[in-house]
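Colleague: I have the model open and would like to understand the words used for it. Could you take me through them?

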Amino acid sequence: MSSSKGASTAVWFVLRRLTRDRSALLGFALIVALLLAALLAPVLSTHPDDVFELHPSERLRAPSRAHWLGTDRMGADVYSRLLFGARITILIGVIAVGASLIVGVPVGLVAGYYHGWVSDLLMRVSDVFLAVPQVVLAIAIAQTLGPSLPNVILALSATYWPWFARVAYAETRSIQKEVFVESTAALGASPWRLTALHVLPNIASPIIVRASIGMGFTILTAAALGFLGLGPPPPTPEWGRTIAESREFLPDAWWYATAPGLAIFLTVMGFNLLGDGLRDVLDPRLRRTHTARDE
Amino acid sequence: MRLLALALHRLAWFVPTLLGLLLVTFVISRVIPADPVALVAGETATPAQVEALRRQLGFDRPLPVQFADYVARLARGDMGTSIFTRRPIAEDLAHRLPATIELTLAAMVVSVLVGIPLGVLSALWRNSLLDHALRVATVSGLAIASFWLGIMLQLLFAMRLGWTPLNGRLQGFPPRSITGFYLLDAVLTGDWPTFGGALLHLALPAATLAFPALATLVRFTRAGVLDVMQSNFVLYERAMGLPRFVIVWKYILRSALTSTVTQVGLLFGILLAGAVVTEAVFDWPGIGTYAVNSILRSDYNAVMGFTVWAGAIFIVVNLLVDVTHTLVDPRERVS
Amino acid sequence: MTHGRSSLVLAIVIGMLAAVSSAPVLAQTRFVFANESPYDTMDPHAAFDVGRVAVRLNLYDGLYRWLDNPPKLEPWLAESHTVSADGLTYTFKLRRGAKFHDGAEVTAEDVRYSADRILAVKKGAAALLSTMIASGTTKALDRYTVQFALTKPAAIFLAVVPEVHVVNAALLKKHEKDGDWGEAWLTSNEAGSGSYALTRYDPAVGFIARRFPGHFMPWGAKYIEEIEFRTVKEDNTRVLGMIKGDYQGTGGYLPNDQVKRLREAPNVKIIEQESMRIKIFQINNQRPPLNDVHVRRAISYAFDYDGFNKDILGGSVERNPVPIPNNMWGVPRDVKGYTYDIDKAKAELALAKAKVDRPLTIGYLQGFSQTEQAATVMANGLRKAGIDTKLTSEVWPTMVERMKKPETSPDLVVYWISTYYADPNNWIGEMFHSGQWGTFKASSFYKNPKVDDLLDTALKSTDRKVREKAYQDAARIVVDEAAGVWVYNTKYFGPWAKSLEGIRFSPIGNGQEVRWVYYSK
């Protein structure tokens, strides 16, 4: 498992198993669709200027040939703004989860490798961040720093890293007990060598699974922040904010609230399905003992 | 005993963890670059103006002094006074807690009463239409933004059909307060119209809050039942010719339920967290909206108070969960 | 199902039916009003705003009262008044036999106490009154005569006197604690003489009051026996509630889309009245580059007035180019104001000595989506003119705090200024006199000695012609200097239950005075 040839065979094996899982494929397709929507937004949208342009005389029009998903309260095209909103969604998700990973995994590794008060301290620090509902902590951070895109990302990273730390910690501890690790350590291998060659490859799978599920969760929380008005300010076409805007025009302008909600749903579903599929393939052991706590 | 050692070990860390939580909240509110004093003072304020404002607000004292002062008062049970409601924060929290608990309990009841049976059925009739439909539904359940779900439910049931009210906990004045739970108080005072009204108001928020919990519960119950079904002793019983429903009732359900019970405790924690957003959508006068409003209004005393309360609860819940995990599954490696 | 369980189900069903059907049974004697803001205090001296006016109008009385539209000052607790020749002494003669809810008679001593109390509590109308009278100078000459001594002649004193709500001095003195003038107690109780007496109050819900038969104003043959004012924050909930009949009245400044829905409801009628409530953008005149008149003019040309008033608000408002409502006297009729013209905006920017090299902050109010939309429209226009913007939102109390100082106030802030008293000073006077800095109306931080002079003249004189000319001249200067952006004047579209009659709307009371109202059948 520790040679590079072994690693690439493993990846190939995983991919083959994955393609046989229909729901994982669906998830992957959804994610690809999201990426395409974001990347090609200027091309795919019918009214690319409507990200900041207003047409008050065309406000709240029902879906039509001109406006596939109707217009919003400023007369802007809902469909086009949705596509540009995908950019924001991806940006937030990738950076927030990435940052959480970069911070959380090393913390978990160190806490797992060592025993004693250092380890305790690190895990208790992560407990502190887990103690308050994530949404509330994110709200507090976002409000203090001021509603903006970078601050939302910061708030989400600051509240999600403990999950990676916990996974890294649990896996490191369980691998430590494996005989081959103990014997390698007894032979005098340095902590770094042990970690890099033995621990990391083995915790890779749960980390990847956690990252995929984390994307979905982070996107939902980001949308909630946007809904509460703590995300990027208007006229940014962030999906959560759009839903909040639409409320006063219900029930008549139903498309205004439905479209961004469906976009969020499909995006998160994509990451969740892929994450589930990855989990089934990479670590069948996890499937059965998967608990609600991991969400 | 290993369990006792674990419990004591975690309890020893309870106070430091709580202090750590306070420190984090305190730090966020007092130290991070966009310091609230500067925020209030505005981007173009001169340093002299910001300093004058800082002195005025008492924020010029050394941070450890401010923090120590807050902790000292907290130890005496004084959470401070809310800038907005002008009442002691402990009083505000106590006033609003029943609303959140009532909502969370209702959601839990719904998710347990609906989720567990569905999970069992899904496992028993594995790969049937019902099973597939449920699996799709449960995956969706965790992908739907709960605030959006709430709005869609409002759109359908309150606006289009008119079956339920749009939001709020009750129309007008609440029943005489005995427990603070409207349903209970209405029953105790025999106020049936209020009972009916409170129930109708509870319907949509409880459904919204229950949805992700329900999905999780169905998935987990299904997995648990499947596990048990494939275990050796069940196969033995089946080979012995015991009727299916006997096996289901006597062994599978009981085993599945035992592990589910530990999950339900955890569910409470999840639901409490989800309540924040759900309360915002339905204008539910609970702890969640209190926390959000306090944050939005920069009522930092109230934010700290809420954090203390919520933090203490979650730390305790986490401890209980870890303990029960070790009890239930000795294989699990918990520190 | 066991017997116990089926009766529980039955009880629940009955409960729900009862909940649904209980409303119309009480309708003939009850009136429920859905209010946008919370009633966080019952103290009439602690609030001055429209959001909580129902408390002051229904539970309390003043010496005079503003009634009807166009608003007229009518004798109320006082029958008449005289003014000394130098305009410094106002003597009011009280009517006899007016009673507080606890049976005590309303006397001049109560009025004297109330005037001093407002000034002491330092909230609500105190800021305005303290410019005209000083604490301890009001005198009760005899049981029914009270005299005010003004610090300087003020033409608006009479217009503001209705805000001196008379409280039961003896009752309050009983509940005084540590010299707080009974403030802690009056927050949750009442000491009034008004048409309705408080029976129940919960700051999270609202208040209920019962008719006071002994009120000095005669009651008609028909009246409302019990009133309830409830806080219902969401527009949609208030609209749905009106349609369902849960409420019989609500605030008349709903968005146009909602008003349309209500017009179509069979049991709701819309009472349309011209009001006096202007929507404005305050410009922070002190902060560079906004201290350059060309930059301010550019901003004035950058707002799409027609797009906002006609399209977004569906034509339910009138363009109001001057900081005085169109239907108030004192408006210079020849001033057309600014139009939406990006080319003119760019031309002004070119003339400006100060360069706009940073994004301008536009502040709007959380929870008032119309201000968010206005801010977005302004941002869009400014962007077209080459100016970047950053939108920022606060809840109203926080925004008021920020607007107290030029250093903390945003570059632009959008909100409304309603009628606190029917006089041009309520708008242009309080908005642009340099002595008003620190009040929420004066976040323009404008300073022009010439305008100050004109506004002072208008305040001192009691000659309507002199005052009118002064306000018109001041308005001309302020518009020329583009000291702010003035968007529209509101119309009042009041939703009321169709069977209600006798509603008397005035821009100050906003129709929330229930003593005139009754069910027609």
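Modeller: Happy to. Helix α5 (residues 117-131) of chain A packs against helix α7 (residues 149-176) of chain A at an angle of about 140°, their axes 9 Å apart. This is a predicted model, in which local features need pLDDT of at least 70, side-chain atom pairs count only at pLDDT 80 or more, and totals for chains, interfaces and linings use all residues. Residues are numbered from 1 along each chain as its sequence is written, and chains are lettered from A and ligands numbered from 1 in the order in which they are written.

Colleague: Why is α5(A) called oblique to α7(A)?

Modeller: Angles under 35 degrees count as roughly parallel, over 145 as roughly antiparallel, 65 to 115 as roughly perpendicular and the rest as oblique. The angle here is about 140°, so α5(A) is oblique to α7(A). Axes are lines fitted to C-alpha atoms, for helices over the stretch in contact, and angles run from 0 to 180 degrees between N-to-C directions.

Colleague: Which residues of α5(A) and α7(A) make the contact?

Modeller: From α5(A) come Met123(A), Ser126(A), Phe129(A) and Leu130(A), and from α7(A) come Thr159(A), Pro162(A), Ala165(A), Arg166(A) and Tyr169(A). Two residues are in contact if their C-beta atoms, placed from the backbone, lie within 7 Å. By class, there are six nonpolar, two polar and one charged residues. Ala, Val, Leu, Ile, Met, Phe, Trp, Tyr, Cys and Pro count as nonpolar, Asp, Glu, Lys and Arg as charged, and the others, Gly among them, as polar.

Colleague: How many residues of chain B are in contact with chain A?

Modeller: 51 residues of chain B are in contact with 46 residues of chain A. The largest share of chain B's side, nine residues, comes from α12(B). That side divides into 38 nonpolar, ten polar and three charged residues.

Note on methods: Helix = DSSP H or I, 4+ residues; strand = E, 2+ residues; numbered from the N terminus.
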